[in-house]
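I opened a new page for this chain.

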Amino acid sequence: MIDEVAIERVRLSCPEGHWEQEVDYDVVRYGDPDGGWVDFYSVNGVPTMSPYTPDGTPLCPECGRSTVARLVARRVIALPAQERAGAPARAGREDVPLLDARSEPRTGRPDRA
Ligand SMILES: [Zn+2]
């Protein structure tokens, strides 16, 4: 059963400072039959490993070192009540800023001046 669907903006940084990028991960949290919870990550619809794990964090395109992933904002997508499995609150995510869904105004285009 799906317990939570969220979008997490993750900043990936090379430990040597060569490279940095923010990526929005879609995170679906499932309850498994044994009573635990499994997070399923994807980017642009493509399944990925968790960026918070040593095997799942991308490599720096400059030096090949594992990047450091830091959660900078997140947004939970509301589910119908019958879909929620009632998992405990997620540790380490209480103080993360809301990932605002609103886009910037398109008028003016200061970036194209
Ligand atoms: Zn690097």
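In what sense do strand 2 and strand 3 pair, and over how many bridges? I looked this up first. The model is a predicted one. Strand 3 covers residues 37–43, and strand 2 pairs with strand 3 in the antiparallel sense over six bridges.

Next I checked the residues at that pairing. Gly-31 has Trp-37 of strand 3 as its bridge partner. I then went through the hairpin of strand 2 and strand 3. Five residues sit between the strands there, and Gly-35 takes a positive phi near 95°.

I turned to the other partner of strand 2. Strand 1 spans residues 2–13 and strand 2 spans residues 20–31. I found 11 bridges between strand 1 and strand 2, again in the antiparallel sense. Ser-13 has Glu-20 of strand 2 as its bridge partner. The hairpin of strand 1 and strand 2 has six residues between the strands. In that hairpin, Gly-17 has a positive phi near 85°.

Then I stepped back to the whole chain. How many helices and strands does the protein chain have? I counted zero helices and five strands. Along the sequence, I read the pattern as β-β-β-β-β.

The protein chain has 113 residues, and 8% of them count as buried. For contacts, I took those with a separation of 6 or more; residues 24 or more positions apart account for 56% of these in the protein chain.

Definitions and conventions:
Residues numbered from 1 in each chain as written. Predicted model: local features only at pLDDT ≥ 70, side-chain atom pairs only at ≥ 80, totals over all residues. Helix = DSSP H or I, 4+ residues; strand = E, 2+ residues; numbered from the N terminus. Buried ≥ 20, exposed ≤ 12 C-beta atoms within 10 Å, placed from the backbone. Contact = placed C-beta atoms within 7 Å. Pairing = 2+ DSSP bridges.
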